[in-house]
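Please keep the sequence and the coordinates at hand while reading.

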Amino acid sequence: MLLNLKIEVLYLWQKSHSRRIESFRVPPTRRYISHMKAGNKTGILVFTLLGLSEDPELQPLIFGLFLSMYLVTVLGNLLIILIISFDSHLHTPMYFFLSNLSLVDICFSTTIVPNMLVSIQTENKAISYMNCLTQVYFSMFFPILDTLLLTMMAYDRYVAICQPLHYMVIMNPRLCGLLVFITWFIGVMTSLLHISLMMHLNFCRDLEIPLFFCEVTQILKLACSDTFLNSILLYFMTGVLGVFPLLGILFSYSRITSSIRKMSSLQGRQKAFATCGSHLAVVSLFYATGIGVYFSSSMILSSQKISVASVMYTVVTPMLNPFIYSLRNKDVQGAMGRLLSRAFSCL
């Protein structure tokens, strides 16, 4: 009897002890979030880039198309840089800014397209947390440089047409170098500020991005922690580094247009319009695609529409810039002819 009582007491104690252990067990999702808060994100977080299409039959076509566009982008912009570097006629502030713009376009495409091509080839759409943050950093950094360089080129055209006698004094090499340095500095610091805030975010839902690269607004949508500060910084920087440069470009061209109207020579008008036409085309393309990506990411649209807008902004625009400047600019065409003739004479 005493033995049975002891066995029953021992059984009840084990049962109550097991219940206590079960009550202290953390659900899998909570374990996941608490582990994330501990700062070990790099070993756990993996994002999935959904890409343009999940149809296996379309993958070879997408791969070939994007590989072709990437090669055209790199070779076209490299050709612009070589032409400007080797032709002394193009050693002017305008083409100094253009060579920097071409370099930025090469880097911007290289940040996004090769990773996409590798994911298609390996059939692996996963991207690690650190690689995703790196892509976010450069996908903000290079567009900032684009915006500021286009603004400087607009200011250069304003000084050249509205104050031609003071052009070489105002747009001296020292000022041009300083402006480019300030542009890179602003891009680096702004992007670092965004990334430093994003590193404190926690993620606890399906980490699927409806794009072929990591984009800041899409990452913020996946966060389960408060993103108020991130959103405020994003909107503020979009206004400061997006809207204000655009207003500066529009102001410059309003003054340029009024100065051109006052010109009595038809040849002078045509030359002024020719020098500004290429830049205006690039500005229009850049801002039109950028606004398309911004609104498509902010609004509730299908992933296909967001992806199309992103392709126009990240791939098509850098690819078309060399064509715009080579087809519409007689100075670049002349320099290209001289470079080709020099190359053929060496053979």
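## A buried serine

Serine 109 has a relative accessible area of 1%, and because buried means under 20%, this residue counts as buried. The model is a predicted one, and the serine in question belongs to helix α4, which covers residues 93-122.

Leaving aside residues up to four places away in sequence, serine 109 touches Tyr70, Thr73, Pro114, Thr314 and Pro318. Phenylalanine 142 lies 33 residues from serine 109 in sequence, while the C-alpha to C-alpha distance between these two residues is 9.5 Å.

## The disulfide

A disulfide is a covalent bond that joins the sulfur atoms of two cysteines. How many disulfides does a search of the whole structure find? The search finds one, formed by cysteine 132 and cysteine 214, whose sulfur atoms are 2.0 Å apart. The link between cysteine 132 and cysteine 214 is left-handed, with -120° about the S-S bond.

Cysteine 132 sits in helix α5 (residues 129-162), whereas cysteine 214 sits in the loop between β3 (208-209) and α8 (216-222), so the pair ties together parts that are 82 residues apart in sequence. Both cysteine 132 and cysteine 214 are buried.

As to accessibility, cysteine 162 is partly exposed, with a relative accessible area of 23%, whereas cysteine 276, at 3% relative accessibility, counts as buried.

## Packing of α5 against α9

The description of two packed helices rests on the angle between their axes and on the distance between the axes. Helix α5 packs with helix α9 (residues 228-261) at an angle of about 20°, and their axes are 9 Å apart. That angle makes α5 roughly parallel to α9, because angles under 35 degrees count as roughly parallel. The crossing of the helices α5 and α9 is left-handed.

On the α5 side, the residues making the contact include Ile144, Leu148, Thr151, Tyr155, Arg157 and Cys162, and on the α9 side they include Leu241, Gly242, Pro245, Tyr253, Arg255 and Ile260. By class, the residues of the contact of α5 with α9 comprise 14 nonpolar, five polar and two charged.

How values were computed
Residues numbered from 1 in each chain as written. Predicted model: local features only at pLDDT ≥ 70, side-chain atom pairs only at ≥ 80, totals over all residues. Heavy atoms only, no water. Disulfide = S-S within 2.5 Å. Helix = DSSP H or I, 4+ residues; strand = E, 2+ residues; numbered from the N terminus. Buried < 20%, exposed > 50% of the residue type's maximum accessible area, 1.4 Å probe, protein only. Axes fitted to C-alpha atoms, helices over the stretch in contact; angles between N-to-C directions. Parallel < 35°, antiparallel > 145°, perpendicular 65-115°, else oblique. Left-handed = near helix turned anticlockwise from the far one by under 90°. Contact = heavy atoms within 4.5 Å. Nonpolar A, V, L, I, M, F, W, Y, C, P; charged D, E, K, R; others polar.
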